[in-house]
Amino acid sequence: RAAVERFSRLTGIPALPMESPRGLNDPWLHGAAARLADADVVLLLGKKLDFAVRFGEPPAFTPACRVIQVDADADALRPGGRVALALAGEPSAVIDRLTAAARGRAWRHAAWGEEIRAARAALPAGWDALRASSHRPIHPLRVCAAIQPFLDGGGVLVSDGGEFGQWMQAGLEAETRLINGLSGSIGSALPMALAARLALPERRVIATLGDGTFGFHAFELDTAARYGLPVVAVVGNDGRWNAEHQLQLRHYGPDRTVGCELRLSRYDRVAEALGGHGEHVERPEDLEPALARAVASGLPACVNVVIEGAAAPTYTAPGHCRPAWVIASTSPRDARRRSPSPRSGALPATQESPSAGECEAPAPRAAPAAPGRDRRGSRRETAPRAGVVRRGAGTGARRRGVDPPGSPPHAPRGGGGGRGA
């Protein structure tokens, strides 16, 4: 990642990490992902031309856009068609060589790079009101506003999948973060938080997860207590599997949602029973004090927050044609380093802005219901393996023949639109 950032700074060509199972709907990307439609050339580093980038097809990309693909796994290459050049090689080594070659040229892409950085940093303007809202149940962005001060100055963010996890990824900035990764797993936040605390014992670790995902590994709080790992788990409790609920609302309507409801259980008491610290929050004004007590306790803690079951955000935005992009796939095994970004932008979710695009409900498409399908469940899609930057692979470049794609067109529903609450 550092090598990609060096290349981007030198050339002005914008670069974005691709680490979410939602691909271009990654909420952390904000409006930047929509600007891919303005690119003439896209360089994929360790990233397949797969569902995550809409297979390079319109409207995500223009018909004239061409792709250069670099991957340590030669079998992941897909030359031909949209891919103008496919190279087998270690992506970090390839980008280092590109950076060395770029130093001998004059680049005029600084303004284009700044546009994309601004689009990545910008948030819908209406979110400021949501972050300060006194509304009950509590909106997830109000939870973000309470958590952010505990991440400033080096705190580690570990975010699970599901709708609450997507809001946390959209509304929080951290120097180091771990998310559920390209595989789209859910329920992994607590184990990853314990690992982060072991790796970075001097850093504060905040895990954010929904009530459904909490149930997968809640008893890791016992592990945390036994090993003295004071992580803070913030549970967004909306009493349902909200990602599944949102899918059912879109495809079947509000009268046909089935099997998504949970109880508004007191997960904070689970933490207390396991020797940790528990906080239960129903009022927005109680968020900051509850988080402060959880951090100060020095124990594994659960802050159980009753939230509004809001659909996860996605973003679209118009733009102007520019020359090139770099997309780097990143491995979920390593902590991610982020630079804090200013908070400014357009309009709140579901409101249109003629100047800055719109923010709308999440958009991973599921297949329409087939005749005779059991109405109580929607079909589960499987996703192709996403490329990652790999260490230790050879750097020699060679071309490969075309492999049949054979990849299903939809993202995994865990973490990216799956069962997380």
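**Notebook: helix α12 and other stops**

Just after α12, I find G298 with a positive phi of about 70°. Helices here are DSSP runs of H or I with at least four residues, strands are runs of E with at least two, and both are numbered from the N terminus.

A note to myself before going on: this is a predicted model, in which local features need pLDDT of at least 70 and side-chain atom pairs count only at pLDDT 80 or more, while totals for chains, interfaces and linings use all residues. Residues are numbered from 1 along each chain as its sequence is written, and side-chain values use heavy atoms, with hydrogens and water left out.

**Entry: the whole protein**

I looked up the overall tally and got 12 helices and 15 strands. Of the 421 residues, 55% count as buried; buried means under 20% relative accessible area, exposed over 50%, and partly exposed in between, with a 1.4 Å probe and protein chains only. I then asked how far along the sequence the contacts reach (contact means heavy atoms within 4.5 Å). Among those between residues at least 6 apart in sequence, 78% join residues at least 24 apart.

**Entry: back to α12**

Which residues of α12 are buried? In this helix, spanning residues 287–296, I list L287, A290, L291 and A294. Viewed down the axis of α12, these buried residues fall within an arc of 95°, so they line one face of the helix. The arc is taken over the directions from the helix axis to the C-beta atoms. I followed that buried set to its neighbours: it packs against helix α5 (140–151) and the strands β8 (232–237), β9 (277–281) and β10 (301–306).

Axes are lines fitted to C-alpha atoms, for helices over the stretch in contact, and angles run from 0 to 180 degrees between N-to-C directions.

The crossing of α5 past α6 is right-handed. For handedness, I use this rule: a crossing is left-handed if the near helix is turned anticlockwise from the far one by less than a right angle, and right-handed if clockwise. On the α5 side I noted P140, L141, V143, C144, I147 and Q148, which meet F164, W167, M168 and G171 of α6.

**Entry: cysteines**

C144 of that set sits at 0% relative accessibility and so counts as buried. C302 is also at 0% and counts as buried. How many disulfides does a search of the whole structure find? I got 0, where a disulfide is a pair of cysteine sulfur atoms within 2.5 Å.

Is A3 buried or exposed? At 9% relative accessibility, A3 counts as buried. Leaving out residues up to four places away in sequence, A3 touches S92, I95, D96 and T99. A3 and T99 are 96 residues apart in sequence, yet their C-alpha atoms are 8.3 Å apart in space.

Here is the helix pair behind those contacts. The axes of α1 and α2 (residues 91–102) come within 9 Å and cross at roughly 20°, and the two helices are therefore roughly parallel to each other. I make the crossing of α1 and α2 left-handed. It is A3, V4, R6, F7, L10 and T11 of α1 that make the contact with S92, I95, D96, L98, T99 and A102 of α2.

**Entry: backbone geometry**

I looked for cis peptide bonds and noted two stops. The bond from P58 to P59 is cis, with omega near 5°, and P59 lies in the loop between β2 (39–45) and β3 (66–71). The bond joining R136 and P137 is cis too, with omega about -5°; P137 lies in the loop between α4 (127–131) and α5.

Positive phi in residues other than glycine came next. H30 has a phi of about 55° and lies in the loop between β1 (15–18) and β2. F55 has a phi near 60° and lies in the loop between β2 and β3.

Definitions and conventions
Angles under 35 degrees count as roughly parallel, over 145 as roughly antiparallel, 65 to 115 as roughly perpendicular and the rest as oblique.
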